[in-house]
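Subject: A structure for you to look at

Hi there,

Here is the structure I promised to pass on to you. Please open it beside this email and follow along as you read.

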Amino acid sequence: MIAITAPTGNIGSRLLSLLVEAAPARGEEVRVVVRDPARLPGAVRGRVEVVTGSHGDAATVERAFTGADAVFWLVPPDVSLTPEEAYSGFTRPAARAFAARGVRHVVGVSALGRGTAQAGRAGLVTASLAMDDLIAGSGVAYRALASPSFFENLLEEADSIRENGVFTDTVAADRPAPLVAVADIAATAAGLLLDRSWTGVGSVPVLGPQDLSPHDLARIMSEELGRPVRYERQTLDELRSTMLGHGLGAAFVEGMVDMKRAKDEGLDSGVDRSSQAGPATGFAQWCAQTLAPVVLAAAEAADAR
């Protein structure tokens with residue numbers, strides 16, 4: 001039995017799709033923990049066992065992990081909480097349930113940066129690494145999927161890219177760093193959950209095939225979209241003001257600002273790519289398959305009006 005948390009999110013939904021196809025042939029059943037079962041695809045509902053509730057709730061995870069051999073763990077950060085509360089606080093009931101219910105393997109979504117000079121002052125990343133330590137301390141075999149920023153973050157800027165040819169971030173324009181497609185995280189998680197021959201505790205980097213700077217991203221987007229795209233660097237103060245203006249909690253905002261500062265100082269740099277497991281989607285491929293349909297379809301619809 002494999003239990004999946006956050007099965008309707010960007011990563012969890014892709015993982016669920018992979019497991020419902022592959023797990024039965026391996027004699028595995030799939031269970032999902034979801035607040036609203038109606039959000040599950042109709043084609044999936046009849047093929048999985050559903051536990052309704054929040055996976056931050058002790059009673060829910062006790063039910064969800066009973067009889068489960070392996071768990072996929074992903075925390076949906078609560079922007080009203082401190083980073084520690086949002087990650088470790090949310091995870092503590094699950095860590096107790098792992099031990100109490102005999103779960104043997106856990107695969108969790110985490111972040112790059114462990115062992116770097118920035119790791120202890122990287123806001124949300126620091127909190128995520130502490131969550132990994134909490135899970136590892138429960139006695140399970142654990143693999144943290146150490147991920148950089150997602151390609152999919154750019155989808156939040158699709159309107160700006162389409163209307164103004166601009167995307168923003170807070171890092172230096174010429175600083176290369178790894179990025180990743182969420183589909184690759186899901187595929188790596190599926191591989192680990194289906195082949196549980198691994199033991200102990202460790203991190204698995206999940207990265208795109210090459211480090212890219214914002215200038216590199218702008219160039220590739222321009223080529224794939226067939227229109228000019230440029231990068232504008234935002235200050236950390238501007239980022240803070242924008243997030244506070246959207247109603248995010250002050251402590252969570254500071255965690256985001258600290259993470260962005262650490263990334264600009266090299267938090268994600270220097271990772272050993274030789275230990276990566278699973279696929280590596282290139283940014284140009286992702287642009288063609290995912291970003292271009294969002295940006296160009298909306299532009300064509302606007303032109304038609």
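Predicted model: local features only at pLDDT ≥ 70, side-chain atom pairs only at ≥ 80, totals over all residues.

Which strands pair with strand 6? One of them is strand 5 (residues 105-111), which runs parallel to strand 6 and is joined to it by 7 bridges. As an example, Val109 has Leu145 of strand 6 as its bridge partner. To get from strand 5 to strand 6, the chain passes through helix 5 (residues 124-136), and this β-α-β crossover is right-handed. Strand 10 (residues 201-205) also pairs with strand 6 in the parallel sense, this time over 5 bridges. There, Tyr142 has Val201 as its bridge partner.

**Helix 7**

Next, have a look at helix 7, which covers residues 182-194. Its 13 residues reach 18 Å from the first C-alpha to the last, close to the 18 Å expected. Is this helix largely enclosed or left open? Because 10 of its 13 residues are buried, helix 7 is largely enclosed by the rest of the structure. Among the buried ones are Val182, Asp184, Ile185 and Leu194.

**Aromatic rings**

Finally, the rings: there are 7 aromatic pairs in the count. One of them joins Trp73 and Phe98 edge-to-face, with 6.2 Å from centre to centre and 85 degrees between the planes. This pair links distant parts of the chain, as Trp73 sits in strand 4 (residues 70-73) and Phe98 in helix 4 (residues 83-100), 25 residues apart. Trp73 has a relative accessible area of 0%, so it is buried, and Phe98, at 1%, is buried too.

Another pair, Phe283 and Trp286, is stacked, with 5.9 Å between the centres and 20 degrees between the planes. These two residues are 3 apart in helix 11 (residues 283-304), so about one helical turn separates them. Phe283 counts as buried at 4% relative accessibility, and Trp286 is buried at 2%.

One last thing to find: ring pairs link Phe65, Trp73, Phe90 and Phe98 into a cluster.

Enjoy exploring, and write back with any questions!

Best wishes

Notes: Residues numbered from 1 in each chain as written. Heavy atoms only, no water. Helix = DSSP H or I, 4+ residues; strand = E, 2+ residues; numbered from the N terminus. Expected span 1.5 Å × (residues − 1). Buried < 20%, exposed > 50% of the residue type's maximum accessible area, 1.4 Å probe, protein only. Phe/Tyr/Trp six-rings, centres within 6.5 Å; stacked < 30°, edge-to-face > 60°. Pairing = 2+ DSSP bridges. Right-handed = clockwise from strand over helix to strand, strands pointing away.
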